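Have the sequence and the 3D view open, and we'll take the features in turn.

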Amino acid sequence: MAAIPQPSQPSPTQISKMTTYIKKVAESPGLTSIPSSYAFTPSPNVQAVSEDPEDSIPIIDFSLLTSGTPDQRSQLIQELGQACKYWGFFKLINHGVPESLMEAMIEGIRGFFNLTDEEKREFEGKNLFDPISCGTSVNTSMEKVFYWRDYLKVFVHPEFHFPNKPAGFSELSLEYCERTRGLARELLKAISESLGLEPFYIEKVMNLDKGLQMLYANFYPPCPQPELAMGLPPHSDHGFLSLVTHNGIGGFQLQHNGMWVNVNAIPNSFLVNIADQLEILSNGKYKSILHRAVVNKKVTRISLVMTNGPPLNKIVNPALELVNNGIDQPAYHGITYKEYLQCRQSNSLDGKGNLDHIRIKIV
């Protein structure tokens, strides 16, 4: 476990530039409208929003991957491939992570964001690859309008970092990160098979023993004008797979067939989405999913996202076995994960523009 860096005292210049957390804004006495710096102009091309129809979003029973019969496992891998191809998203049940641990993590996140602003500022990062970074919105140095969101971002593998406040949260998170990392690796084995590759293809070629796992904790307080604000814009995630859980408050929407779908989570389940590096590696057979976070007037929403990717120095290319068949051509240029993250940081989070930069245009 990495040593926790000791906080330094801010200078007068730093004090003048201190982060204003959205939690503090939302708790302002008598707040009935949002500051103009958080108000987005409604788009004239608003896409329709639908409810999560019963049985429409795929459900994957993890226990059948690890303890089912050969026929059950084979059937589930086929269903997993269909979920990845047609939705880019699925709900994971019977995954083996204790519900008590998942609930304790949400409460730990709540405890972190309930720290004083001064305590949270001890963990504000200055650079993209700082192992611990706490802040607000997404990238306030570039944004003209801010998102209604505070966040904690932590690098938890291959080296585990974590804030030392609140008490006990770091130890809890270490167990949670290890368990979710194991889930992601088992899912990636099955996804390898669904692509017609060897089970350990992604694990070996991408050196997942040293892969980058990141924890994102998101805090969306009540908003007096949720129709004008946005928790997070439509975006895709950057790794291979993301595992998401939350405190039971709706607000996660994914894009499917030109519509936004409100996702209603099953209790004690994970929401799993395909991310950009898996789209590259699969040569576009499985595409990362656009999703966004919306806010509400009444209650705080907390979400916890675990992203699982390759090592920072690993170049991710379309798998040779998927393009050397005489039929398909590479659809993406290779790029290191580190370069991809840097490109993402220097551009707007909105959409899938980073993938467009490395997409090979067929003339």
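**Reading the fold**

Q: What is the strand order in the open sheet of eight strands?
A: This is a predicted model, and its open sheet of eight strands runs 2-3-11-8-13-6-5-4, with mixed pairing. Strand 2 (59-61) and strand 4 (132-136) are the edges, each pairing on one side only. From one strand to the next, the twist averages 25°.

Q: Which helices pack on the sheet?
A: Take helix 5 (residues 99-113): it touches strand 4, strand 5 (150-157), strand 6 (213-220), strand 8, strand 11 and strand 13 (301-308). Its direction makes about 110° with that of strand 13. Then there's helix 7 (residues 169-194), which also packs on the sheet. Helix 7 touches strand 3 (89-93), strand 5, strand 6, strand 8, strand 11 and strand 13, and its direction makes about 135° with that of strand 8.

Q: How many bridges join strand 8 to strand 11, and which way do the two run?
A: Four bridges link strand 8 (residues 241-246) with strand 11 (residues 270-274), and the two run antiparallel.

Q: Now strand 5: how many bridges join it to strand 4, and how many to strand 6?
A: On the strand 4 side there are five bridges, running antiparallel; there, Ile132 has Val154 of strand 5 as its bridge partner. On the strand 6 side there are seven, again antiparallel, and Phe155 is partnered by Met214 in strand 6.

Q: Where does Leu92 lie, and is it buried or exposed?
A: Leu92 lies in strand 3. Its relative accessible area is 0%, so it counts as buried. Beyond its neighbours within four places in sequence, Leu92 is in contact with Ile60, Phe62, Leu183, Leu187, Ser269, Phe270 and Val272.

Q: Which residues of helix 11 are buried?
A: First the general idea: an α-helix has 3.6 residues a turn, so residues three or four places apart point the same way. In helix 11 (residues 337-346), the buried ones are Tyr337, Tyr340, Leu341, Cys343 and Arg344. They sit on the same side of helix 11 because they cover an arc of only 160° around the axis. The buried residues of helix 11 pack against strand 7 (232-235), helix 9 (276-281), strand 15 (335-336) and helix 12 (353-358).

Q: Zooming out, how many helices and strands are in the chain?
A: Twelve helices and 15 strands. The chain has a radius of gyration of 20 Å, close to the 21 Å that the globule rule gives for 363 residues, so it is as compact as a globular protein of that length. Of the 363 residues, 51% are buried. Among contacts between residues at least 6 apart in sequence, 81% join residues at least 24 apart.

Q: And what is the mean pLDDT of the chain?
A: The mean is 90, and 90% of the residues reach 70 or more. Over residues 1-16, though, pLDDT stays under 50, and there the model has 15 contacts beyond four places in sequence.

Key. Residues are numbered from 1 along each chain as its sequence is written. This is a predicted model: local features need pLDDT of at least 70, side-chain atom pairs count only at pLDDT 80 or more; totals for chains, interfaces and linings use all residues. Side-chain values use heavy atoms; hydrogens and water are left out. Two strands pair if DSSP finds at least two bridges between them. Axes are lines fitted to C-alpha atoms, for helices over the stretch in contact, and angles run from 0 to 180 degrees between N-to-C directions. Contact means heavy atoms within 4.5 Å. pLDDT is the predictor's confidence in each residue, from 0 to 100. Buried means under 20% relative accessible area, exposed over 50%, partly exposed in between (1.4 Å probe, protein chains only). The arc is that of the directions from the helix axis to the C-beta atoms. The radius of gyration is taken over C-alpha atoms; the globule rule is 2.2 Å times the number of residues to the power 0.38.
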